[in-house]
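Trainee: I would like a close look at how charged side chains pair up in this protein. Please walk me through some pairs slowly, and show me what surrounds them.

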Amino acid sequence: MKGISVYPNKSSVADCINYIDKAADLGFSRLFTSLLELTEDQSKTLNKFKTVLTHARARKMWVSLDVNPALFASLHVSYNDLSFFKELGADIVRLDSSFDGLPESVMTYNPEGLTIEVNISNDTKNLENILSYSPIKDKIIGCHNFYPQRYTGLDTEYFLNTTKKYHDLGLRTAAFISSNSGKIGPHPYNAGLPTLEIHRGIPIEKQAQYLINTQLIDDILIGNAFASDEELQKVAKLSSNIPQFFIDFVPTATELEREIVLKNLHFNRGDINSYAIRSTFVKLKYNKQNIPVNNPVPTLKRGMITIGNNDFKQYKGELNIVKQNMDNHDHLKNVVAQIVPSDLQYIDFIKPWDKFKFIELASY
């Protein structure tokens, strides 16, 4: 699922609604916003929120509202009664800070049916603590923080390890990417709003692709407003639930080779090896086709995409992603494309039986 963020206390209602409509038309189905920085005129600001959130729900968006214990006190809201947030237009109450486990558990039983979202950027036992109080587990999801200050976003290894813990517990997970044109966030200062520091300033589709390819994140949220039309379109084009590689075809690639690469669902064999990711079932579809020897370079290098040619007998039509250098002096494998350098890291994300697809960079 893909989502956007709006901040009605920092933008006009009209601008928020226009942005929601653009995103919804492209298939975005989550909305994030924050109540953590309310103005002194709470009544007027909350009315803006209600108008915007009601419209988002009318556009079939799943609405998340960021709150913390201090805000509960400020608004005189009890964790035993979340009707205030439901009336405001929320589907999800995101707890930016934790209580002590029991309140979160009690909140999952709210009669309004609100989902409770916990902060998963801190590597603590918070979720295990909540689970020890017997909540309705299906009503708990998780979301990472975003980081407005440069050099404060999560490191990749920490992100992967922490997220995997929550993912393995069966928790729905979310994380933020950052628009490079959006300037608006919940706080006075922001230099982008990504979860991962490596994503700050890089193209938004590459940020989204990374989160998708980890296979640990269910929902990808653009943290700042307003992403450009081009950014929204590029994120919308990505599949949400399957790793994908951007590639460049070699000039000699035939139409049939391009079809094998682009028009099929690929998946890695279960009996993996250290030399190549093997998509073998495509050969059953193309074993009667003519695949002559074509660009059989003698040494295959990491990131090359190969297809077995006519001389490879029962392996004709098999597609490989090369993981490390291999000999090809027998000319049995045609080199048809190359994974772009920035995507080579994703080769190591592919596990046994993982599905994956390719996107031609030139046509994206």
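Mentor: Happy to! Let us start with Arg302, which forms a salt bridge with Asp348, their closest N and O atoms being 3.2 Å apart. Arg302 lies in the loop between strand 12 (299-300) and strand 13, while Asp348 lies in the loop between strand 16 (333-339) and strand 17 (355-360), so the pair ties together parts that are 46 residues apart in sequence. Arg302 counts as partly exposed because its relative accessibility is 28%, and Asp348, at 56%, counts as exposed.

Before we go on, please keep in mind that this is a predicted model, in which local features need pLDDT of at least 70 and side-chain atom pairs count only at pLDDT 80 or more, whereas totals for chains, interfaces and linings use all residues. Residues are numbered from 1 along each chain as its sequence is written, and side-chain values use heavy atoms, with hydrogens and water left out.

Now the terms. A salt bridge is a side-chain nitrogen of Lys or Arg within 4 Å of a carboxyl oxygen of Asp or Glu. Buried means under 20% relative accessible area, exposed means over 50%, and partly exposed is in between (1.4 Å probe, protein chains only). Helices (H or I, at least four residues) and strands (E, at least two) are DSSP runs, numbered from the N terminus.

The idea behind such pairs is simple: side chains of opposite charge can pair when their charged atoms come close. The structure holds 20 salt bridges.

Next, find Glu318, which forms a salt bridge with Arg278, the closest N and O atoms being 2.8 Å apart. Glu318 sits in the loop between strand 13 (304-308) and strand 14 (319-322) and Arg278 in strand 11 (residues 276-279), so this pair ties together parts that are 40 residues apart in sequence. Both Glu318 and Arg278 are buried.

Arg30 belongs to strand 2 (residues 30-34) and Glu117 to strand 5 (residues 115-119), so here the parts tied together are 87 residues apart in sequence. Arg30 and Glu117 are both buried.

Let us stay in strand 5, where Thr115 lies. Thr115 has a relative accessible area of 8%, so Thr115 is buried. Leaving out residues up to four places away in sequence, Thr115 touches Trp62, Asp91, Ile92, Val93, Lys139 and Ile141; a contact here means heavy atoms within 4.5 Å. The C-alpha atoms of Thr115 and Val93 are separated by 6.3 Å, although the two residues are 22 apart along the chain.

Finally, step back to the whole protein. It has 11 helices and 17 strands, and buried residues make up 54% of its 364 residues. Among contacts between residues at least 6 apart in sequence, 78% join residues at least 24 apart. The C-alpha atoms fill a box of roughly 75 × 45 × 35 Å along the principal axes.
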